[in-house]
Amino acid sequence: MPQIHVRRFLPVDLPALLALDHSYNTEYAWQMEVQEGEQEIGVVFRERKLPRIVRHTYHREYRRVLNGWKENWGILVAVIGETSENAPVGYAALQHGSEPHIALVKDLAVGGPYRKQGVGTALMLSAEDWALEHGCRRLMLELPSKNVPAIRLAKKIGFDFCGFSDEHYANKDIALLFGKTLI
């Protein structure tokens with residue numbers, strides 16, 4: 001297992017972060033099913049196996065990611081190795097949520113060769129520390145319903161499903177919200 005260090009974003013990191021492969025492969029997706037009765041409406045999400053492995057591009061255009069970073073209050077980068085000058089292999093971009101004391105992870109990306117090696121977990125644990133340092137009591141994570149690898153990571157590290165936004169992204173995909181109370 002590589003030695004992972006998480007640090008704050010430096011302007012010199014930008015080319016390496018933009019060069020990361022933000023796409024992902026999955027053979028599963030979360031499918032939404034609406035169950036409507038006369039006096040109730042229910043929504044159920046089920047993980048479904050797809051007929052083949054599907055490659056998904058990142059849910060936000062790079063231009064929008066960069067514009068979002070101007071609004072974000074924290075960008076954490078992960079590097080492999082002993083020195084913090086090493087090139088970033090992943091990042092998490094955080095911002096204050098719509099309510100006080102809530103932080104939201106808007107972007108979470110790990111370069112392809114470094115996935116499934118603890119980089120995403122290290123970034124999310126550092127995001128929890130960062131949020132606590134900034135007075136937040138809850139951390140939220142927004143994920144496309146097709147990003148099952150990230151959904152599994154969120155659940156593994158203690159995040160609970162807490163909502164969704166239909167047609168949230170430009171490609172009309174559903175955003176699933178996961179949250180974790182920090183204190």
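Q: Which residue is the bridge partner of Asp160 in E9?
A: In this predicted model, strands E8 and E9 pair in the antiparallel sense, over five bridges. E8 covers residues 160-165, and E9 covers 175-181. Within E9, the residue bridged to Asp160 is Gly179.

Q: In what order do the seven strands of the open sheet lie?
A: Strands of a sheet pair through backbone hydrogen bonds, either parallel or antiparallel. In this open sheet of seven strands the pairing is mixed. Its strands follow the order E1-E4-E5-E6-E7-E9-E8.

Q: Which are the edge strands of this sheet?
A: An edge strand pairs on one side only. The order of the open sheet has E1 at one end and E8 at the other. The edge strands are accordingly E1 (4-8) and E8 (160-165).

Q: By what angle are neighbouring strands of this sheet turned against each other on average?
A: The sheet in question is the open one of seven strands. With direction ignored, its neighbouring strands are turned against each other by an average of 30 degrees.

Q: What angle does the direction of H4 make with that of E7?
A: Helix H4 packs on the sheet and touches E6, E7 and E9. H4 spans residues 148-156, and E7 spans 138-144. The angle between the directions of H4 and E7 is about 160 degrees.

Q: Which residues of H4 are buried?
A: A residue counts as buried when its relative accessible area is under 20%. The buried residues of H4 pack against E2, E3, E6, H3, E7 and E9. They are Val148, Ala150, Ile151, Leu153 and Ala154.

Q: Which residue just after H4 takes a positive phi?
A: H4 covers residues 148-156. Just after this helix, a phi of about 95 degrees is taken by Gly158.

Q: Which element gives the most residues to the largest nonpolar core?
A: This core has 33 residues, and those with the most contacts inside it include Leu94, Leu123, Met124 and Phe178. The elements giving two or more residues to it are E4, E5, E6, H3, E7, H4 and E9. With six residues, the element that gives the most is H3.

Q: How many residues make up the second, separate core?
A: Beside the core of 33 residues, there is another set that includes Leu17, Leu20, Val77 and Tyr91. Two of these, Val77 and Tyr91, are also among the residues that Leu123 touches. The number of residues in the second core is five.

Q: How many bridges join E2 to E3?
A: E2 and E3 form a hairpin with four residues between them. The two strands run antiparallel, and one of their bridges joins Thr26 to Val54 in E3. The number of bridges between E2 and E3 is 12.

Q: Is His101 buried, partly exposed or exposed?
A: His101 is found in the loop between E5 and E6. It has a positive phi of about 70 degrees although it is not a glycine. Because its relative accessibility is 36%, His101 counts as partly exposed.

Q: Is Lys172 buried, partly exposed or exposed?
A: Lys172 has its place in the loop between E8 and E9. Its phi is positive, about 75 degrees, although Lys172 is not a glycine. The relative accessibility of Lys172 is 54%, and therefore the residue counts as exposed.

Q: What distance separates the C-alpha atoms of Arg115 and Tyr24?
A: Arg115 lies in the loop between E6 and H3 and is partly exposed, with a relative accessible area of 28%. It touches Asp21, His22, Ser23, Tyr24 and Val110, not counting residues up to four places away in sequence. Arg115 and Tyr24 are 91 residues apart along the chain, and their C-alpha atoms are separated by 10.0 Å.

Q: How many disulfides are counted?
A: A disulfide requires a pair of cysteine sulfur atoms within 2.5 Å. Cys136 is buried because its relative accessibility is 2%, whereas Cys162, at 38%, is partly exposed. By the distance rule, the number of disulfides is zero.

Q: What percentage of the residues of the protein count as buried?
A: The protein has four helices and nine strands. Its accessible surface comes to about 10200 Å², with 51% belonging to carbon and sulfur atoms. Of its 183 residues, the share that counts as buried is 44%.

Terms used
Residues numbered from 1 in each chain as written. Predicted model: local features only at pLDDT ≥ 70, side-chain atom pairs only at ≥ 80, totals over all residues. Heavy atoms only, no water. Buried < 20%, exposed > 50% of the residue type's maximum accessible area, 1.4 Å probe, protein only. Core = buried A, V, L, I, M, F, W, Y, C linked by side-chain atoms within 4.5 Å. Contact = heavy atoms within 4.5 Å. Pairing = 2+ DSSP bridges. Axes fitted to C-alpha atoms, helices over the stretch in contact; angles between N-to-C directions. Areas by Shrake-Rupley, 256 points an atom, 1.4 Å probe, with all protein chains shown as cover.
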